[in-house]
Amino acid sequence: MRKGRLLYEGKAKKLYETEDKQLIWVEYCDNATALNGKRKEEIKGKGALNNQITSLIFQKLNAEQIQTSFIEQLSKTEQLNQKVEIIPLEVVLRNRVAGSFAKRFGLEEGEVLPQPIIEFYYKSDALDDPFINDAHVYFLELAQPEELEFIKSETLKINALLQKIWAKIGLSLVDFKLEFGRTAEGEIILADEISPDTCRLWDAEGNHLDKDVFRRNIGDLIEVYSRVLTALQEEKEL
Ligand code: U5P
């Protein structure tokens, strides 16, 4: 398999064509962004950490019969994915009060929600990813009602699996963001990444082992992400 033409450059990833039209070559870069791209920094080693963490998590989800775009890790910074058309929807699931949810409702961070809450954001840099509801999803023609129901039930299933995976290394899954894509056959599958860039992860002492260390300037991102990767690798070997 060879890396072909650059197809798309996102905030922290580059997607390349391969000889096979159904497959894309994904390269994780060292960029860290906050405030929807308005704050940007290069952090050496971040791409390799996120690629390795995402690859481990997606391997576990694939093994649990979740349909995902992940095929294999190619190198420290690269992976092979099935090509999908990304649905411009950020699907956020919250297990605990934190982040924009805490801000929106004027709450302290930390409270465990009686049941998980799923939220949708419309992926649009120009509009700053606005918070939307099901009716907006249909109005914007992002998904059909039965597709959105599938996305919700899949997100709940993924939450249960992710909570178990993170709990094994002593981390509480506070919230996370997923993206889904459509295959050439029109099937909806999980895509993009699952890493400390897209999950809030707290340890038992309340330390943040995720991108909040960068967003809030409260720690060393490489040190924290390395701790997460090492713990996942050690757990895998047990
Ligand atoms: N999140 C992303 N990308 C975004 C916005 C949020 O991955 O563009 C993730 C955060 O890392 C957090 C969850 O785990 O979604 C909720 O974020 P927030 O709405 O509390 O900022």
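This is a predicted model: local features need pLDDT of at least 70, side-chain atom pairs count only at pLDDT 80 or more; totals for chains, interfaces and linings use all residues.

Visitor: How does N133 count: buried, partly exposed or exposed?

Guide: N133 counts as partly exposed because its relative accessibility is 38%, and that class runs between the 20% and 50% cut-offs.

Visitor: What does the side chain of N133 have a polar atom close to, and at what distance?

Guide: The backbone nitrogen of A135: a polar atom of the N133 side chain lies 3.0 Å from that nitrogen.

Visitor: And how far is N133 from K177, C-alpha to C-alpha?

Guide: Those C-alpha atoms are 16 Å apart, with the two residues 44 positions from each other along the chain.

Visitor: OK, switching to the ligand. Which residues are the closest to it?

Guide: R94, S100, D175, R200 and R215 are the closest, out of 14 residues that surround the ligand.

Visitor: How much of the ligand's accessible area does the protein cover?

Guide: The protein covers 80% of the 450 Å² that the ligand has on its own.

Visitor: Which elements give two or more residues to that shell?

Guide: Those are β9 (89–96), α2 (99–105), β12 (172–182) and β14 (199–202).

Visitor: And by class, what's in the shell?

Guide: Seven charged residues, four nonpolar and three polar.

Visitor: Back to R94. Where is it, and is it buried or exposed?

Guide: R94 belongs to strand β9. With a relative accessibility of 3%, R94 counts as buried, because the cut-off for that is under 20%. Its side chain also makes a polar contact of 3.4 Å with the side chain of Y121.

Visitor: Last topic: how many residues are in the largest nonpolar core?

Guide: That core has 47 residues, and L162 and W166 have the most contacts inside it. Helix α4 (residues 145–168) gives the largest share, seven residues.

Visitor: Which domains does this core draw on?

Guide: Domain 1 (6–82) and domain 2 (85–220), with at least three residues from each. As background, nonpolar side chains tend to be buried together in soluble globular proteins.

Note on methods: Residues are numbered from 1 along each chain as its sequence is written. Side-chain values use heavy atoms; hydrogens and water are left out. A residue is near a molecule or strand if one of its heavy atoms lies within 4 Å of it. Accessible areas come from the Shrake-Rupley method with a 1.4 Å probe; for residues, only the protein chains shown count as cover. Helices (H or I, at least four residues) and strands (E, at least two) are DSSP runs, numbered from the N terminus. Ala, Val, Leu, Ile, Met, Phe, Trp, Tyr, Cys and Pro count as nonpolar, Asp, Glu, Lys and Arg as charged, and the others, Gly among them, as polar. A nonpolar core is a set of buried Ala, Val, Leu, Ile, Met, Phe, Trp, Tyr and Cys residues joined through side-chain atoms within 4.5 Å. Buried means under 20% relative accessible area, exposed over 50%, partly exposed in between (1.4 Å probe, protein chains only). Domain bounds come from an automatic or database domain assignment. A polar contact is a pair of N or O atoms within 3.5 Å; within protein, one must be able to donate a hydrogen and the other to accept it, and residues adjacent in sequence count only if both atoms are side-chain atoms.
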